[in-house]
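Here is a short briefing for a reader who is new to this structure. Please look over the sequence and the model first.

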Amino acid sequence: MPKRARAKQKRLSPDDRRREFVAKATEFFSEEGFDGGTRDLARRLGVTQPLLYRYFPSKDDLIKEVYRTVYLEPFDAGWEKLLTDRTRPLRERLQEFYQAYTDVIFTRRWLRIYFYAGLKGLDINRWYIGVVEDKILSRIVSECRHEVGLPQQGKPTAPELEMAWVLQSGIFYYGVRKYIFDSPVLEDKRQMIGNALNVFLTGFAQVFSAAGGPARATVKATGRVALA
């Protein structure tokens, strides 16, 4: 390495050096997958492998830190409050949430790491799916049940959760098509999310009505679901 670059590295504090390692490791794993070794990663960082191990004793430790910074750190705690704020129409809350959520996950780096981890069978995906179910989908189901007059319950039923996953995965795959496959998509993301929400909210009201049977439903201009 040039002397100037080495001098700049030496001036980094341990915390800054650690953050730099995680940021570059994230880029490395998004390009090479998780089969990429720490020797190659250290070479990419311009440091020795022993120095890398001083900060992360194992590759698994480094992967866990990548997971924390890529998946958990950007997870806004305010999203849970937004989803459950019943002073606002449900449709409006969901639109705002998915706008903000997709702003975070719709990047080539985020999506590539997600798929690499899944193909490798790492725990990252299982951890993240658990977070999505607990922090997002369970709350969406609870708010939908309230909207159509169903009694509240501790956790969603399997059919309710699967319907919420259909919404989640449909929006998610829009990002995959755009940022991974470079496929043509509806460029107005807000419209895509709005259309998906209209279908989901209407369908939820029809399938899980307060009467326990199918019900006709409409989405009012206010954004609320109404049983017709």
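Leaving aside its neighbours within four places in sequence, which residues is Thr26 in contact with? They are Val66, Val70, Arg109 and Ile113. The model is predicted. Its secondary structure comes to eleven helices and two strands. The points below start with the whole protein and then turn to single places in it.

**Overall build**

- From the N terminus, the order of elements is α-α-α-α-α-α-α-α-α-α-α-β-β.
- The protein has 228 residues, and 43% of them are buried.
- Take the contacts in the protein with a separation of 6 or more: 64% of them join residues 24 or more positions apart.
- The protein exposes about 12,300 Å². Carbon and sulfur atoms supply 54% of that area.

**Helix H2**

- Thr26 lies in helix H2, which covers residues 14-32.
- H2 has 19 residues. From its first C-alpha to its last, H2 reaches 26 Å, close to the 27 Å expected at 1.5 Å a residue.
- The buried residues of H2 are Arg17, Phe21, Val22, Ala25, Thr26, Phe28, Phe29 and Ser30.

- Thr26 has a relative accessible area of 2%, so Thr26 is buried; the cut-off is under 20%.
- Thr26 and Ile63 are 37 residues apart in sequence. In space they are 8.6 Å apart, C-alpha to C-alpha.
- Val22 is also found in helix H2. Its relative accessible area is 5%, and Val22 is buried.
- Not counting residues up to four places away in sequence, Val22 touches Phe56, Glu65, Val66 and Thr69.
- Val22 and Glu65 are 43 residues apart in sequence, yet 7.0 Å apart in space, C-alpha to C-alpha.
- Ser30 has its place in helix H2. Ser30 is buried, at a relative accessible area of 3%.
- Leaving aside neighbours within four places in sequence, Ser30 is in contact with Arg109, Arg112, Ile113 and Tyr116.
- Arg109 and Ile113 are among the contacts of Ser30, and both are also in contact with Thr26.

**Glu65 in helix H5**

- Glu65 has its place in helix H5.
- Is Glu65 buried or exposed? Glu65 is buried, with a relative accessible area of 13%.
- Not counting residues up to four places away in sequence, Glu65 touches Arg18, Val22 and Phe56.
- Phe56 is touched by Glu65, and Phe56 is touched by Val22 as well.

**The largest pocket**

- About 190 Å³ of space lies in the largest pocket.
- Its lining consists of Asp15, Arg18, Arg19, Val22, Ala23, Thr26, Glu65, Arg68, Thr69, Val70, Glu73 and Arg109.
- H2 and H5 each supply at least two residues of this lining.
- Which helix gives the most to the lining of the largest pocket? H2 does, with six residues.
- Val22, Thr26 and Glu65 are among the lining residues. Val70 and Arg109, also in the lining, are in contact with Thr26.

**Aromatic pairs**

- The distance of the centres and the angle of the planes describe a pair of aromatic rings.
- The protein has 26 aromatic pairs, counting rings with centres within 6.5 Å.
- One of them joins Tyr71 and Tyr114. Their ring centres are 6.4 Å apart and their planes stand at 45°, so the pair is tilted.
- Tyr71 lies in helix H5 (residues 59-72) and Tyr114 in helix H8 (residues 108-120), so the pair ties together parts that are 43 residues apart in sequence.
- Tyr71 is buried, with a relative accessible area of 2%. Tyr114 is buried too, at 15%.
- Ring pairs link Tyr67, Tyr71, Trp110, Tyr114, Phe115, Trp127, Tyr128 and Phe172 into a cluster.

- Most residues other than glycine have a negative phi.
- Asp182 is not a glycine, yet has a positive phi of about 55°.
- Where does Asp182 lie? Asp182 lies in the loop between helix H10 (158-179) and helix H11 (189-207).
- Asp182 has a relative accessibility of 61%, so Asp182 counts as exposed; the cut-off is over 50%.

Technical notes:
Residues numbered from 1 in each chain as written. Predicted model: local features only at pLDDT ≥ 70, side-chain atom pairs only at ≥ 80, totals over all residues. Heavy atoms only, no water. Helix = DSSP H or I, 4+ residues; strand = E, 2+ residues; numbered from the N terminus. Buried < 20%, exposed > 50% of the residue type's maximum accessible area, 1.4 Å probe, protein only. Contact = heavy atoms within 4.5 Å. Areas by Shrake-Rupley, 256 points an atom, 1.4 Å probe, with all protein chains shown as cover. Phe/Tyr/Trp six-rings, centres within 6.5 Å; stacked < 30°, edge-to-face > 60°. Expected span 1.5 Å × (residues − 1). 1 Å grid on protein atoms, 1.4 Å probe; cavity = no way out; pocket = protein on both sides within 12 Å on 5 of 7 lines; lining within 4 Å. Points joined across faces, edges and corners; volume = space filled by probe spheres on them.
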